[in-house]
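Hi everyone, thanks for making time.

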Amino acid sequence: MGNVFVLDHPLIQHKLTHIRKTETGTKEFRELVDEVAGLMAYEITRDLPVMEVEIETPVAKTKSNVLSGRKVGIIPILRAGLGMVDGVLRHIPTAKVGHVGLYRDPETLKPVEYYIKMPNDIEERELIVVDPMLATGGSAEDAITSLKKRGAKNIKLMCLIAAPEGVEQIKQAHPDVDIYLAAIDEKLNEKGYIVPGLGDAGDRLYGTK
C-alpha cells in the first residue's frame, strides 16, 4: 500500500506560504516552486540505494558511499509540472525526463491526454511524477495509468499541495504509489479548485490567465 508523506520542513513551509500569496509575482512564484521542488527531492530520494566505493582524499584512502546505479526518471504533467523539473534535476542531474500532456475538461473535470513522450527504459527507472497541484486527482491518476501501461513499475507522485479528495483518489486508483506533499489543504470547491490552495499553478508560473 502506498504511503502519504507531508514534508513539514520549516524551509518548505516558509516558501510554500510565499507561493500561496496573491501578491507573489510570476518571477518569484517560479523561483519558489523550483526551490521547494529541490527541497522535496531530498526526501523523495531518501531510499535510493547506495554502495561503498574506495576513494582517495588529499589525506588518505577511504571507503565512502555513492548511488548504486538505480536510474531515475522525472515525469512532469504538462504544463504546470514543468515548473518543478529543474529543482529536482539540480540534485539528480543524470535523471531522464519524460512528459505527459493532459488537460482537464471544464465540463466533466476529467483529464484528456494530448501528448506523451517517455524514456525508452522507464520499466527500469524509479519515476517521480511531478505536478504542483493534486486537486481531483484525475490528471495524476491518468498520468500514472499511462506510465504503467508502458511498463513502469516503480512510481512516486510529488505535488506541492493536495486536496483530501485527490489524495484519496490516488490511494484508491494506485495503492502502490507513494505520495509526497508539502501540504494537504481543506477541500475542493465547486469548480474543482483546492481551498485555500494557490490559484491556478500553470497561470501563475507562466503569467497567463
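So, at what angle do helix α2 and helix α3 pack? Before I answer, some housekeeping. This is a predicted model, where local features need pLDDT of at least 70 and side-chain atom pairs count only at pLDDT 80 or more, while totals for chains, interfaces and linings use all residues. Residues are numbered from 1 along each chain as its sequence is written, and side-chain values use heavy atoms, with hydrogens and water left out.

Okay, back to the helices. Helix α2 covers residues 26–44 and helix α3 covers residues 82–89, and they pack at about 50 degrees with their axes 7 Å apart. Axes here are lines fitted to C-alpha atoms, for helices over the stretch in contact, and angles run from 0 to 180 degrees between N-to-C directions. Helices (H or I, at least four residues) and strands (E, at least two) are DSSP runs, numbered from the N terminus. α2 and α3 are therefore oblique to each other; under 35 degrees would be roughly parallel, over 145 roughly antiparallel, 65 to 115 roughly perpendicular, and the rest is oblique. α2 passes α3 in a right-handed crossing, meaning the near helix is turned clockwise from the far one by less than a right angle, with anticlockwise being left-handed.

Who makes that contact (heavy atoms within 4.5 Å)? On the α2 side you have V33, D34, A37, G38 and A41, and on the α3 side G83, M84, D86, G87 and V88. By class that's five nonpolar, three polar and two charged residues. Ala, Val, Leu, Ile, Met, Phe, Trp, Tyr, Cys and Pro count as nonpolar, Asp, Glu, Lys and Arg as charged, and the others, Gly among them, as polar.

Staying with α3: G83, M84, V85, G87 and V88 are buried, where buried is under 20% relative accessible area, exposed is over 50%, and partly exposed is in between (1.4 Å probe, protein chains only). The cover over those buried α3 residues includes α2, β4, β5, β8, β10 and α6.

Now the other partner of α2. α1 and α2 pack at about 155 degrees, axes 9 Å apart, and are therefore roughly antiparallel to each other. This crossing of α1 past α2 is left-handed. The α1 residues in the contact are L11, I12, K15, L16, H18 and I19, meeting F29, L32, V33, E35, V36, L39 and M40 of α2. They divide into 10 nonpolar, one polar and two charged.

Which residues have the most contacts inside the largest nonpolar core? That core has 37 residues, and the answer is I19, M40, M158, L160 and I161. A nonpolar core, by the way, is a set of buried Ala, Val, Leu, Ile, Met, Phe, Trp, Tyr and Cys residues joined through side-chain atoms within 4.5 Å. α2 gives the most to this core, eight residues. Leaving out residues up to four places away in sequence, I19 touches F29, L32, V33, V36, L160, L198 and R204. There's also a second, separate core of 23 residues, including M118, A140, A152 and A162.

Last, a couple of lysines. K153 sits in the loop between α4 and β10, and counts as exposed at 65% relative accessibility. That's my tour, thanks!

Note on methods
Contact = heavy atoms within 4.5 Å.
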